[in-house]
Amino acid sequence: KNALERGRYAVLIDLDENMLYFKEGEVTLWSAPVGTGTAMRVITEEDRWDFSTPTGRFQVQYKERDPIWIAPDWFFVENNLPVPPKNHPSRNMTGTLGVAAVYISPSLAIHGTNRPELIGQRVSHGCIRLENRYAMRLYNNVQVGTEVIIVGGDEAREEGRVVDLREGYDPSLASRGGRRTLPLDPVVERWKELDTEELLDA
């Protein structure tokens, strides 16, 4: 039996409705619209990515306030940018995940957003997006081990677009909420403020 069948607290996400429900057994304590995976599949010479939100039973692994997003390779591929080395500072992006994130796997989270106008749509790369007020509420309501049940999404997966970048870059990828320019590097920005002598010392 899952947590809901046992009358316990759990998060239910319905991908067909794009809704999240925080429940205690059969009782819904609160609900909110979510943004979910596009189900798009992207193919390159080196990689294949499936941007579906997975279904099944998960548990909260950990949670974070003001999380920093470590941009994966697909972010740079989508935006036609050179892929930086692992752990490069250009991968660290603040604000993208909103005010809070609840991780149900190392690469899958229910998190806030800096694009609230997209909530309710299939717009993500698999994660579940909430308005920041609901992301904060979820952060406060769940604990490590809280069960998260994700259902639905068959129609999205069947209709998911396939983009084969082995045939050349598709500029439509960057229009799906992607960022076309790299975030500012604070070190480089500080260097720009220095005169030549100070820069040589640096």
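**A walk from charges to core**

Let's start with charge: the protein chain carries 24 positive and 31 negative charges, and their mean positions sit 6 Å apart. Keep in mind that what you're looking at is a predicted model.

Now zoom out. The C-alpha trace spans about 70 × 40 × 25 Å along its principal axes, and the chain is built from five helices and 16 strands. If you look at contacts between residues at least 6 apart in sequence, 63% of them link residues at least 24 apart.

What about the surface? The chain exposes about 11,300 Å², with carbon and sulfur atoms supplying 48% of that. Turning inward, 45% of the 202 residues are buried.

In soluble globular proteins, nonpolar side chains tend to end up buried together. Here, the largest nonpolar core has 42 residues, and the ones with the most contacts inside it are Ile13, Leu20, Leu130, Leu138 and Val148.

Leaving aside residues up to four places away in sequence, Leu130 touches Leu20, Ala32, Pro33, Val34, Ile110, His111, Gly112, Thr113, Ile119, Ala135 and Leu138. Two of these partners, Leu20 and Leu138, are also on the list of residues with the most contacts inside the core.

Finally, there's another core lying apart from the largest one; this one has seven residues, including Ala3, Ala10, Leu12 and Ile149.

Note on methods:
Residues are numbered from 1 along each chain as its sequence is written. This is a predicted model: local features need pLDDT of at least 70, side-chain atom pairs count only at pLDDT 80 or more; totals for chains, interfaces and linings use all residues. Side-chain values use heavy atoms; hydrogens and water are left out. Helices (H or I, at least four residues) and strands (E, at least two) are DSSP runs, numbered from the N terminus. Buried means under 20% relative accessible area, exposed over 50%, partly exposed in between (1.4 Å probe, protein chains only). Contact means heavy atoms within 4.5 Å. Accessible areas come from the Shrake-Rupley method with a 1.4 Å probe; for residues, only the protein chains shown count as cover. Lys and Arg count as positive and Asp and Glu as negative; His and the chain ends are not counted. The place of a charge is taken as NZ of Lys, CZ of Arg, CG of Asp or CD of Glu. A nonpolar core is a set of buried Ala, Val, Leu, Ile, Met, Phe, Trp, Tyr and Cys residues joined through side-chain atoms within 4.5 Å.
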